[in-house]
Amino acid sequence: MFSLKVDFALEHYNMLEKEDKIVVAFSGGADSVALLHYLNKKGLRPSAIHVNHGIRGDEADGDEDFCRDFCEKNSIPFCAVHIDVPAEAKKRGEGLEETARKMRYAEIEMLMEKQGIAKAATAHHADDNIETVLFNISRGSGIKGAGGIPPVRDRYIRPLIECSRDEILAYCKENSLEYVTDSTNSDTDYTRNFIRHEIAPLLKRINPELCSAFTRFSSHARRDNELLDTMARDIPSDISRGELISLHPALLTRFIYLRCDELSYIPNSKSVDQLISALSMGNEYKRVDMGAGITAVCDRQRLYFIRDKKEDSLDPVILKKGKNSLGYYGNIYIAEDSEQWKAVCESVSITAHTKLSKDNISGEITARSRLDGDSYRCGGMTRSLKKLYNSKKLTVTQRNRLPVICDKEGIVWIPGFMPRDSVKINKNEENILYIGYSGEKNDIEQ
């Protein structure tokens with residue numbers, strides 16, 4: 001049964017391409033011993049990497065020696081790596097399990113890059129999937145968490161994902177394979193160990209075929225999750241607030257997760273629920289902290305995601321001739337003659353532009369965010385930015401996004417508005433400074 005299930009997984013999930021180099025994450029436990037032995041027996045020529053986490057002292061060193069000896073006896077290329085998980089966990093403020101996982105994968109990645117290895121195989125099996133699903137559900141996970149351990153994730157494959165722990169042990173026995181046992185596996189202070197030793201056995205009393213049942217359940221969840229992802233990706237990122245609220249809650253939730261994932265962060269369900277509630281409050285301006293420095297901004301009929309709350313606040317930046325990148329804001333282009341300006345317009349799409357009298361500019365030109373009480377004289381009268389922005393019905397986000405161009409005397413220009421009266425050019429003026437902006441068109445045109 002073991003062999004059939006491994007072969008099924010390799011083929012059904014397209015885990016390997018012909019001639020793929022493969023490395024096995026080799027702990028020396030029964031699972032990884034069975035995996036490494038079987039892949040080697042099939043002639044796939046795997047190599048092995050063993051990561052010593054620096055947690056169990058002499059016991060860990062003994063596991064490393066076992067793994068090295070096993071690979072020597074079976075002519076399998078072997079690499080051992082030492083890391084200090086306790087020290088790194090303390091430094092990061094994370095638990096040992098999470099830190100060990102991250103560091104272990106980092107070491108595997110480095111080896112793969114160094115040796116040109118295409119795939120890394122881990123010995124996760126069906127019982128591990130049960131633990132993962134129960135762990136995710138207990139934390140309030142949605143359908144993605146119910147998908148458990150994916151058979152394939154990027155360059156990582158799990159050939160044993162259809163096999164139960166009992167089937168793995170039977171394979172080891174049939175092939176007279178020795179293995180080591182990690183003493184920490186029996187410590188139920190670790191969450192996964194508690195699920196493995198206390199919860200899963202109770203569920204198996206209800207259904208002895210629990211592994212098969214959870215495997216099917218996770219497979220269905222991953223299938224449905226893929227459909228939701230596909231549908232959510234088809235939703236335009238500039239969809240209006242009203243249209244968002246009209247979406248089915250499952251699709252709206254997935255849209256939010258995908259937008260946050262673009263910023264390399266997956267928010268918790270509580271933050272997502274808070275954002276959905278904020279979106280439903282008509283055109284009311286709302287900000288929702290999504291975690292990890294990401295803020296969702298509900299502004300009239302638009303939804304924005306900002307990586308850091310400081311991104312909608314621009315410290316003064318000195319502008320020079322040429323292209324000036326302002327990140328969240330867009331780009332400012334400055335040219336000192338008509339030929340330079342013509343070249344700019346031919347190479348980029350300019351959203352707004354103006355011409356200024358170079359002789360009447362005082363000091364260096366800078367770009368900054370708007371400030372409370374900002375005003376400047378244009379069109380023969382002093383106007384506050386608040387009133388100017390109100391005249392175009394700009395949202396709070398649009399007001400924050402527009403850079404304010406200044407000199408030593410104050411504001412000289414804001415994209416989409418008139419320049420300051422004192423720097424406007426006269427009919428016969430030749431000493432002209434050209435300034436253009438290539439930011440969001442919607443921030444200027446309503």
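Predicted model: local features only at pLDDT ≥ 70, side-chain atom pairs only at ≥ 80, totals over all residues.

Reader: What are the terms helix and strand taken to mean?

Author: Both are DSSP runs, numbered from the N terminus: helices are H or I with at least four residues, and strands are E with at least two. Two strands pair if DSSP finds at least two bridges between them.

Reader: How many bridges join strand β7 to β8?

Author: Five bridges join β7 (residues 286–291) to β8, and the two run antiparallel. Strand β9 (residues 302–306) is also joined to β8 by five bridges, again antiparallel. Val297 in β8 stands opposite Arg287, and its bridge partner in β9 is Tyr304. The hairpin of β8 and β9 has two residues between the strands, and Arg300 there takes a positive phi near 50°.

Reader: Which way do the residues of β8 point?

Author: In a regular strand the side chains alternate between the two faces of the sheet. Here Ile294, Ala296 and Cys298 point one way, and Thr295, Val297 and Asp299 the other. Buried means under 20% relative accessible area, exposed over 50%, and partly exposed in between, with a 1.4 Å probe and protein chains only. Six of the six residues of β8 (residues 294–299) are buried, so this strand is largely enclosed by the rest of the structure.

Reader: At what angle do helices α1 and α2 cross?

Author: Axes are lines fitted to C-alpha atoms, for helices over the stretch in contact, and angles run from 0 to 180 degrees between N-to-C directions. The axes of α1 (residues 2–12) and α2 (residues 30–41) come within 12 Å and cross at roughly 75°. The two helices are therefore roughly perpendicular (65 to 115 degrees).

Reader: Which residues in α1 meet α2?

Author: Contact means heavy atoms within 4.5 Å. Phe2, Ser3, Val6, Asp7 and Leu10 in α1 meet Ala34, Tyr38 and Leu39 in α2.

Reader: What is a nonpolar core?

Author: This is a set of buried Ala, Val, Leu, Ile, Met, Phe, Trp, Tyr and Cys residues joined through side-chain atoms within 4.5 Å. The largest has 31 residues, and those with the most contacts inside it are Phe2, Phe26, Leu36 and Phe70. Its largest share, seven residues, comes from α2.

Key
Residues numbered from 1 in each chain as written. Heavy atoms only, no water. Parallel < 35°, antiparallel > 145°, perpendicular 65-115°, else oblique.
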